[in-house]
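Here is a short note for a colleague opening this structure for the first time. Please keep the view open while reading the points below.

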Amino acid sequence: MSTLSRKIPFLRWSFIRLFLGMPHLLKNWQVGDGREARLAEYVVAKAKQGDAKDVIRIIDEYCYNESFLINVGDEKGLILDAAVERAKPSRILELGTYCGYSALRMAAAAPTARIVSIEFNAENAKIARRIFEHAGVSSRVTVVVGTLGDGGKTASALNQEQNFAAGTIDLVFVDHDKNAYLPDLKLIMREGWLRRGGLVVADNIKFPGAPEYRAYMHENEGKVWRTDEYETHAEYQTMIKDLVLVSEYLA
Ligand SMILES: C[S@@+](CC[C@H](N)C(=O)[O-])C[C@H]1O[C@@H](n2cnc3c(N)ncnc32)[C@H](O)[C@@H]1O
């Protein structure tokens, strides 16, 4: 792909198609043209089996050269990697698996950590599991289909089947429905899963935007959370700006 179309995403058909498919994407969390399922085929055909870093490289290649996907991406992925290295996690909770890209990055940055990733769409969960299998991380990464906003069903499954308990989670990556960021964070706090000193990394704070979450972190700065804001760009281009928040839990 040319440098110009990498910089200006609107020159790419795959990006335009994603915008046309926005209503479908926001309802079903797939673009609607089969690009997520094609990613799994692409990974299995091109990435070295058992090599998580090579799978990450191939997913980025697919997003730049074939079809744009709503992964955290390579630029913001570096902020996520650094937070994971800082937290030295044994256990990670992710909200929003999609095709598994960010979970793979976290699995690569913390090679002994166990990751539980919650995903609303069962088809996305299937794609992600296939990619984890190919990357050789499926024994450490579990996808749970559900949402924390489902009245307690998924939260109970985490407590009973995934051995979640007070202080057992070292890092949470929040990257799902932007309106659910704050309610789900509050549920995590009520359950007490995140240990003191643990980190919450939140993507897309500027684009598409999670203003209530950001305002909450500002209000609680130095009291319950200590937050660093990273200015960056939305995935796989440099025209649209974004913010990633990394918040340390002080309580
Ligand atoms: C932006 S994508 C996640 C990208 C992924 N973290 C990555 O970087 O590779 C958002 C995902 O969150 C899922 N999702 C949306 N609302 C959700 C909810 N309330 N709970 C769990 N998953 C949700 C969508 O189905 C979608 O797959």
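Which protein side chain has an N or O atom 2.5 Å from an oxygen atom of the ligand?

1. The side chain is that of Glu119. Please keep in mind that this is a predicted model. The distances here are computed from it.

2. An N or O atom in the side chain of Asp175 sits 2.8 Å from a ligand nitrogen atom. Tyr101 uses its backbone instead: an N or O atom there lies 3.4 Å from a ligand oxygen atom. The protein covers 96% of the 610 Å² of accessible area that the ligand has on its own.

3. Now the wider surroundings. The ligand is surrounded by 21 residues. Glu119 and Asp175 are among the closest, and so are Val72, Gly96 and Ser102.

4. Turn to helix 6, residues 73-87. How far apart should its ends be? At 1.5 Å a residue, its 15 residues should span 21 Å. The end C-alpha atoms are 20 Å apart, which agrees with that expectation.

5. Several residues of helix 6 are buried, including Gly73, Gly77, Ile79, Leu80, Val84 and Ala87. Just after the helix, Lys88 takes a positive phi of about 45 degrees.

6. Next, the aromatic rings. The model holds 8 aromatic pairs, counting rings whose centres lie within 6.5 Å. In one of them, the ring centres of Phe164 and Trp193 are 5.1 Å apart. Their planes stand at 90 degrees, so this pair is edge-to-face. Phe164 lies in the loop between helix 9 and strand 4, and Trp193 in the loop between helix 10 and strand 5. The pair therefore ties together parts that are 29 residues apart in sequence. Both residues are buried.

7. Tyr181 and Tyr213 form another edge-to-face pair, with 5.7 Å from centre to centre and 85 degrees between the planes. Tyr181 belongs to helix 10 and Tyr213 to helix 12, so the contact links parts 32 residues apart in sequence. Are these two tyrosines buried or exposed? Tyr181 has a relative accessible area of 1%, so it counts as buried. Tyr213 is also at 1% and is buried as well.

8. Last, a group of rings to find in the view. Phe15, Phe19, Tyr64, Phe68 and Tyr236 form one aromatic cluster.

Note on methods. Residues numbered from 1 in each chain as written. Predicted model: local features only at pLDDT ≥ 70, side-chain atom pairs only at ≥ 80, totals over all residues. Heavy atoms only, no water. Helix = DSSP H or I, 4+ residues; strand = E, 2+ residues; numbered from the N terminus. Expected span 1.5 Å × (residues − 1). Buried < 20%, exposed > 50% of the residue type's maximum accessible area, 1.4 Å probe, protein only. Phe/Tyr/Trp six-rings, centres within 6.5 Å; stacked < 30°, edge-to-face > 60°. Near = heavy atom within 4 Å. Polar contact = N/O pair within 3.5 Å; in protein donor to acceptor, adjacent residues only side chain to side chain. Areas by Shrake-Rupley, 256 points an atom, 1.4 Å probe, with all protein chains shown as cover.
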